[in-house]
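Please look over the sequence and the fold together before reading on. The paragraphs below go from the whole chain to a few selected places in it.

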Amino acid sequence: MVQAVIWKGDKVLLLDQRLLPERVEYVECVDFREVAAGIRDMVVRGAPAIGIAGGYGVALSVADVERGLAPSGATGLADYVTTAARHVASARPTAVNLQWAVDRVLAATLKASENEGVGSASWAAQREAAAIEEEDVKVNRAIGAHGAQLVKPGSRILTHCNAGALATGGYGTALGVVRKAWEEGKVSMVYADETRPYLQGARLTAWELLQDGMDVTVIVDSAAGYLISQGKVDFIVVGADRVARNGDVANKIGTYTLACLAQRHHVPFYVASPISTFDLTLETGDRIPVEERDEKEVLTLLGKVVAPVGARAFNPAFDITPASLICGIITEKGVIHEPMAENIQKIVLGDGMRA
Ligand code: MRU
């Protein structure tokens, strides 16, 4: 299966998702600044994948100290790596996985440096980043298994953006559910929303699923309402970039629209999200920072200008779907249903995760 992020010991390779499906090429990042730029510029994207890349970015900053490119000694290392971690974590604001993974690798680095000496920090950072990557694949398989149980035989599934192997350590969250249900012979068609402006659905989801031999139909985002109203969608599953304490979900722009349509037409609407995407420090979705990207992404399409000179564009990368529109959140620990806030506390805190 395709790998979005590959650790090479002294550099990170990021699959350049801007070039898919035309070309499969990797961008080489030799330091944390290049990793941060790769995240910001969408070479790598998807909440868990940017977390994994970010973790390795921090590991590269520790290697800088070893290579004599940064101040040495415990204090020098701590200052340098903490600054690098902040730089990487700020590359994109919405997906909490980035901050979460960067914090994890930073904490492991500082702990090793303090307890076992500066020399052990680099190995500790690499080990922690690799652990995040490995855990993510297991988590996705568990999400897939829980989610597939919700899918009825013969289902036509609609998904938005790309929450697949390309967006994670492998297998995918929303596409993990699709994959498992497909393996069980329960999927008759997958509809992929095109997902303007970056076309993650058309370029990435369709590519990924076709590689697995699934039947995929791409629709423009605005066709979803018609398709659903015609009774042609049985199940909707999307990913998440951040889930607030009350179950409100930030995900790719257009997710909220789908959730409204699903409610109107009584189609089950589910979010697939690892526990690492929950942010219990935020009471509701209103507090989630929503990234606004460059106008150019809307005013152009595949490098070609599509709007008259002088036209402005509004380009939020994400929207917030209130918990009340979500049938359930599929996690590695099971499916969270109403009462959302209460059940999130039980599942997430029960796991001893971020409070
Ligand atoms: O802007 P992107 O492509 O990073 O947005 C990705 C999404 O919105 C995904 O649905 C989300 O990160 C979940 S990926 C498992």
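Helices (H or I, at least four residues) and strands (E, at least two) are taken as DSSP runs and are numbered from the N terminus. The model is a predicted one, in which local features need pLDDT of at least 70 and side-chain atom pairs count only at pLDDT 80 or more, while totals for chains, interfaces and linings use all residues. Residues are numbered from 1 along each chain as its sequence is written, and side-chain values use heavy atoms, with hydrogens and water left out.

By that assignment the protein has 11 helices and 16 strands. Its radius of gyration, taken over C-alpha atoms, is 20 Å, close to the 20 Å that the globule rule (2.2 Å times the number of residues to the power 0.38) gives for 355 residues, so the protein is as compact as a globular protein of that length. Along the principal axes, the C-alpha atoms fill a box of roughly 65 × 50 × 40 Å. Of the 355 residues, 56% count as buried, where buried means under 20% relative accessible area, exposed over 50%, and partly exposed in between (1.4 Å probe, protein chains only). If a contact is defined by heavy atoms within 4.5 Å, then among contacts between residues at least 6 apart in sequence, 74% join residues at least 24 apart.

The accessible surface, computed by the Shrake-Rupley method with a 1.4 Å probe, where for residues only the protein chains shown count as cover, comes to about 14600 Å², and 52% of this belongs to carbon and sulfur atoms.

Helix 2, which covers residues 47-66, has 20 residues and reaches 30 Å from its first C-alpha to its last, close to the 28 Å expected at 1.5 Å a residue; the expected span is 1.5 Å times one less than the number of residues. Because 19 of its 20 residues are buried, helix 2 is largely enclosed by the rest of the structure. Just after this helix, Gly68 takes a positive phi of about 75 degrees.

Leaving aside residues up to four places away in sequence, Ser155 touches Lys186, Val187, Ser188, Met189 and Asp234. The C-alpha atom of Ser155 is separated by 9.1 Å from that of Ala181, 26 residues apart from it along the chain. Ala181 is one of the buried residues of helix 6, which also include Leu175, Val178 and Arg179. In helix 6 (residues 174-183), 7 of the 10 residues are buried, so this helix too is largely enclosed by the rest of the structure.

Which loop holds Cys161? Cys161 is placed in the loop between strand 4 and helix 6, where it has a positive phi of about 60 degrees although it is not a glycine, and it is buried, with a relative accessible area of 7%. Another residue other than glycine with a positive phi is Thr195, at a value near 70 degrees. Thr195 belongs to the loop between strand 5 and helix 7 and is buried, with a relative accessible area of 0%.

The loop between strand 5 (187-193) and helix 7 (200-211) also contains Pro197, and the peptide bond from Arg196 to Pro197 is cis, with omega near 5 degrees. A cis peptide bond, again with omega near 5 degrees, runs from Leu20 to Pro21, and Pro21 is found in the loop between strand 2 (12-15) and strand 3 (26-29).
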